[in-house]
Amino acid sequence: MSELPVDPAVREGRIPGRTSEEIPELHEVDCPEELRERIVALMGRYPDRRSASIPALWAVQERYGWCTPEGIRQAAAVMRVTPAYLESVASFYDLLHTSAVGTHRIEVCTNISCWMRGADRLLDAFKQAVGEDEANFYVTGFECLGACDIAPMASIDQRYYGPLEAAEAGVAIEQLLAGAEVLPEKALAKRGLAGDS
Ligand code: FES
């Protein structure tokens, strides 16, 4: 039986000539001090340092805009794990990006409650409003974001908004481009708490 071809990335990692299966030394990766300190603090919260993998990758993403191969190597050097291990974590979670994405991230929930209240139209409206501007925006449908009571809703730069009308997608995009506050009247953060008068 002939052997199946093996993607070189499996053996060599995502940076040609550098293996992902060896733990890089800190002096090899030029990790920014602020990122290193943040990851060390995160590791201190858990008995097993690998438990800090997701927040460490989130820190990499916040620093570089996505989980860059170099950023992953820096985190791996600090955590004393292989880049391959962190890549396997990063590639599993939808909110961690292993390729470049736009600055503003918009996840439109398309699960049942939101779908029944027009999520498909809302997602289309966001895609249309963004057009080809992939440098500034990343728009995607998403599974239930756990805010079904404000369906249809979207997460815009990690803030929840809803219930949204399709027509508000364009308004939100303009506000983001202008650096203005986004849909203040639809922001979950501005809603009162249960029991507030
Ligand atoms: S179905 Fe959309 S937030 Fe739950």
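This is a predicted model: local features need pLDDT of at least 70, side-chain atom pairs count only at pLDDT 80 or more; totals for chains, interfaces and linings use all residues.
Student: Why is E62 called partly exposed?

Tutor: E62 has a relative accessible area of 46%. That value falls between 20% and 50%, so the middle class applies.

Student: What makes the contact of R38 and E62 a salt bridge?

Tutor: The term requires a side-chain nitrogen of Lys or Arg within 4 Å of a carboxyl oxygen of Asp or Glu. For R38 and E62 the N to O distance is 2.9 Å, so the pair meets the rule. R38 lies in helix α3 (residues 33-43) and E62 in helix α4 (residues 53-64), so the bridge ties together parts 24 residues apart in sequence. Helices here are DSSP runs of H or I with at least four residues, strands are runs of E with at least two, and both are numbered from the N terminus. R38, at 30% relative accessible area, is partly exposed.

Student: Why can such side chains pair at all?

Tutor: Opposite charges can pair when the charged atoms come close.

Student: How many salt bridges does the rule give?

Tutor: The count is seven. Among them is K186 with E168, whose closest N and O atoms are 2.9 Å apart. This pair joins distant parts of the chain, 18 residues apart: K186 sits in the segment after α9 (167-178), and E168 in helix α9.

Student: How do you know whether K186 is buried or exposed?

Tutor: The relative accessibility of K186 is 16%, which is under 20%, so K186 counts as buried. E168, at 13%, is buried by the rule as well.

Student: What makes K190 exposed?

Tutor: K190 has a relative accessible area of 53%, which is over 50% and therefore meets the rule. K190 forms a salt bridge with E181, with 2.6 Å between the closest N and O atoms. E181 is partly exposed at 46%.

Student: Which residues form the nonpolar patch on the surface?

Tutor: They are I54, F92 and Y93, with about 320 Å² of accessible area together. Patch residues need over 30% relative accessible area and no salt bridge; nonpolar side chains (Val, Leu, Ile, Met, Phe, Trp, Tyr) are joined within 5 Å, like charges within 9 Å. Y93 has 36%, so Y93 passes the area test. Areas come from the Shrake-Rupley method with a 1.4 Å probe, and for residues only the protein chains shown count as cover. Y93 is placed in the loop between α6 (83-90) and β1 (104-109).

Student: Which residues does S113 touch?

Tutor: Leaving out residues up to four places away in sequence, S113 touches C148 and A151; contact means heavy atoms within 4.5 Å. S113 is in helix α7 (residues 112-116) and is partly exposed at 30%.

Student: What is the overall make-up of the protein chain?

Tutor: The protein chain has nine helices and four strands, in the order α-α-α-α-α-α-β-α-α-β-β-β-α. Of its 197 residues, 41% count as buried.

Definitions and conventions
Residues are numbered from 1 along each chain as its sequence is written. Side-chain values use heavy atoms; hydrogens and water are left out. Buried means under 20% relative accessible area, exposed over 50%, partly exposed in between (1.4 Å probe, protein chains only).
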